[in-house]
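Biologist: I have not looked at this one before. Can you put it on the screen and take me through it?

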2 protein chains.
Amino acid sequence: MTVFDSLVRYGMPLVPKFIVGRVARRYVAGTSRDDAIRMLRSLNQQGAMTTVDVLGEEVSKTELAEDATRQYLELLEALDREGLDRNISVKPTMLGLKIGQDFCAEQVMTIVRRAKELGAFVRIDMEDHTCTDATLDLYRLARQEWEQVGVVLQAYMRRTVADIGGLLELEPNIRICKGIYREPRDVAWPDFDVIRANFVYAVEKLLEGGAYCAIATHDTYLVWAGMQLVDRLGIEPERYEFQMLLGVDPQLRRIIMDSGHRLRVYVPFGRDWYPYSMRRLRENPTVARHVMRAMLGLR
Amino acid sequence: MTVFDSLVRYGMPLVPKFIVGRVARRYVAGTSRDDAIRMLRSLNQQGAMTTVDVLGEEVSKTELAEDATRQYLELLEALDREGLDRNISVKPTMLGLKIGQDFCAEQVMTIVRRAKELGAFVRIDMEDHTCTDATLDLYRLARQEWEQVGVVLQAYMRRTVADIGGLLELEPNIRICKGIYREPRDVAWPDFDVIRANFVYAVEKLLEGGAYCAIATHDTYLVWAGMQLVDRLGIEPERYEFQMLLGVDPQLRRIIMDSGHRLRVYVPFGRDWYPYSMRRLRENPTVARHVMRAMLGLR
């Protein structure tokens, strides 16, 4: 294993923060809500749908979770006021999941109720396997209040196919992604080929089961597979969408839209950009190369 | 090709037997029936199903075949007495197939009749392509006597899909594995991807055709594919099982069981452990690395 491999594998503890920041600039809209608004407007004008994420990680203090809730409420107002895509993505641990399930549910429901008043959509993001059950419970709860909510399932999780089976009765809105957290082998398939195959099967099962499916990937094979499935199953354009992260392969984004599919860009913003950026860097060898180049002063 | 590759490819004639023995210890329960009983009890207590194989290869003397038959009869009694999983796997060439088809059929039927009295299951193992027709004939014969018998088809064999078509009317119990003998190209697909794809197709054809299917593999892609097929086709848990060899990837074994699937471990024992262990070594590059390390005195 080279030094470079271990940097990537073990979270690149040696990469100076200012360099991560430089590389992360592409992946994050900025630190303020105004930065996000500008980015959303630009993307909406280009014909892309959007979802906004306030950056932040697990909190252990109630005030921090309540602050995050407040930020999301203000964000919803701003999206409504500015006439932008009213669609947000929230992370349960940032809303206090590790403080307590009931406390977190209060935060989520506060956001969901405001979203309902404004006709906005709320996606509950999925984090590592210690959150899966609780997150699905939150989704079921939110779904009782308002239909414009969705959740996420990860193709690398061994339980995902069974979870789909359990959720289909809700006519759920599911984002399917590969999964990016480091998980033990008994929890997640470690094999690249299996994860891909499971991703395709999950999309097929969702679409055939009447779910709305958000196909979230930058893997061009999976983009193809998604296009093939909606064609083969004759799925209407309003029953699915593709999703991509801000900053990753804007050309592919354009290609998907030009092929007549709906495409949503995941737009994160906020002061807490470091952990998110590190996950992006770990995930993507191309990005990791950028880091190296930056560290070596090549650009 | 390195010396190491040729060792692995051409049967490692240069590997001292004591080293194969050292490596083989994981893959064989021991030399005596008591060793096997201990292993079976431990596995059954862990929630794994089992099948037992008395190690042995092709015989050319009738006394040797009759001795093997006797060993299997005693084994059946022991399983019954000890309250262990009454499930055995037999090799036709060890029961005199190359001496004569009728002679071998007598041996197999002696075992099957005793199994019937004890409510035990008998799997007729598949060997190289010179045995395929005769083995399927033995299976048909045994099936007339007792329904708790099964046979094996190998995904690498070009004839396997046709063989499934011919067997389905029996509502057969089929173990499907990749196949481990060295076969000529006109008999067996040599290509890794083709063997995998043929394996998946065989499982699908068996399950759709109403057969009981034992999915015998350590290839995590194929484990995934099996799980996906039973999910997609809505196959009841008692209509299939996974199978793994003793000593290979116990973590995967646990993962499969914890996911709610039935798992059977193939437990070989006996004095004739050498050829079996050599086939295991050839099959598995990781194992081959163990051999090299043992030869180099690294552990």
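Modeller: One definition before we start: two residues are in contact if their C-beta atoms, placed from the backbone, lie within 7 Å. Also, this is a predicted model.

Biologist: Fine. Which residues does Glu57(B) touch, leaving out those up to four places away in sequence?

Modeller: Glu57(B) touches Thr93(B), Met94(B), Asp272(B) and Pro275(B). Glu57(B) sits in the loop that runs between strand S1 (49–54) and H4 of chain B.

Biologist: Is Glu57(B) buried or exposed?

Modeller: Glu57(B) counts as exposed, because it has 12 C-beta neighbours inside 10 Å and the cut-off for exposed is 12 or fewer.

Biologist: And how far apart are Glu57(B) and Ser277(B), in sequence and in space?

Modeller: They are 220 residues apart in sequence, and 12 Å apart in space from C-alpha to C-alpha.

Biologist: Where does Ser277(B) belong?

Modeller: Ser277(B) is one of the residues of H11(B) that make the contact with H2(B).

Biologist: At what angle do the axes of H2 and H11 of chain B cross?

Modeller: At roughly 70°, and the axes come within 10 Å. That makes H2(B) roughly perpendicular to H11(B). The contact of H2(B) with H11(B) has 6 nonpolar, 1 polar and 1 charged residues.

Biologist: Which residues of H2(B) are buried?

Modeller: Val20(B), Val23(B) and Ala24(B) are buried in H2(B). They cover an arc of only 100° around the axis, so they are on the same side of H2(B). In general, an α-helix has 3.6 residues a turn, so residues three or four places apart point the same way.

Biologist: Other helix pairs, then. How do H4 and H5 of chain B pack?

Modeller: Helix H4 (residues 62–82) and helix H5 (residues 101–118) of chain B pack at about 10°, and their axes are 10 Å apart. H4(B) and H5(B) are therefore roughly parallel to each other.

Biologist: Which residues meet there?

Modeller: From H4(B) there are Thr62(B), Ala65(B), Thr69(B), Tyr72(B), Leu73(B), Leu76(B) and Asp80(B). From H5(B) there are Phe103(B), Gln107(B), Thr110(B), Ile111(B), Arg114(B), Ala115(B) and Leu118(B). By class, the contact of H4(B) with H5(B) divides into 8 nonpolar, 4 polar and 2 charged residues.

Biologist: Change of topic. How many residues does each chain put into the contact between chain A and chain B?

Modeller: Chain B puts in 9 residues and chain A puts in 11 residues. On the side of chain B that touches chain A, the elements giving two or more residues are helix H9 (220–233) and helix H10 (250–258) of chain B. H9(B) gives the most, with 5 residues. The side of chain B that touches chain A has 3 nonpolar, 4 polar and 2 charged residues.

Biologist: Give me chain A as a whole. How many helices and strands?

Modeller: Chain A has 12 helices and 8 strands. Of its 299 residues, 45% are buried. Among the contacts in chain A with a separation of 6 or more, 71% are between residues 24 or more positions apart.

Biologist: What phi does Glu171(B) have?

Modeller: Glu171(B) has a positive phi of about 45°, and it is not a glycine either. Glu171(B) is found in the loop between helix H7 (160–167) and strand S5 (173–177) of chain B.

Note on methods: Residues are numbered from 1 along each chain as its sequence is written. Chains are lettered from A and ligands numbered from 1 in the order in which they are written. This is a predicted model: local features need pLDDT of at least 70, side-chain atom pairs count only at pLDDT 80 or more; totals for chains, interfaces and linings use all residues. Helices (H or I, at least four residues) and strands (E, at least two) are DSSP runs, numbered from the N terminus. Ala, Val, Leu, Ile, Met, Phe, Trp, Tyr, Cys and Pro count as nonpolar, Asp, Glu, Lys and Arg as charged, and the others, Gly among them, as polar. Axes are lines fitted to C-alpha atoms, for helices over the stretch in contact, and angles run from 0 to 180 degrees between N-to-C directions. Angles under 35 degrees count as roughly parallel, over 145 as roughly antiparallel, 65 to 115 as roughly perpendicular and the rest as oblique. A residue is buried if 20 or more other C-beta atoms lie within 10 Å of its own, exposed if 12 or fewer, and partly exposed in between; C-beta atoms are placed from the backbone. The arc is that of the directions from the helix axis to the C-beta atoms.
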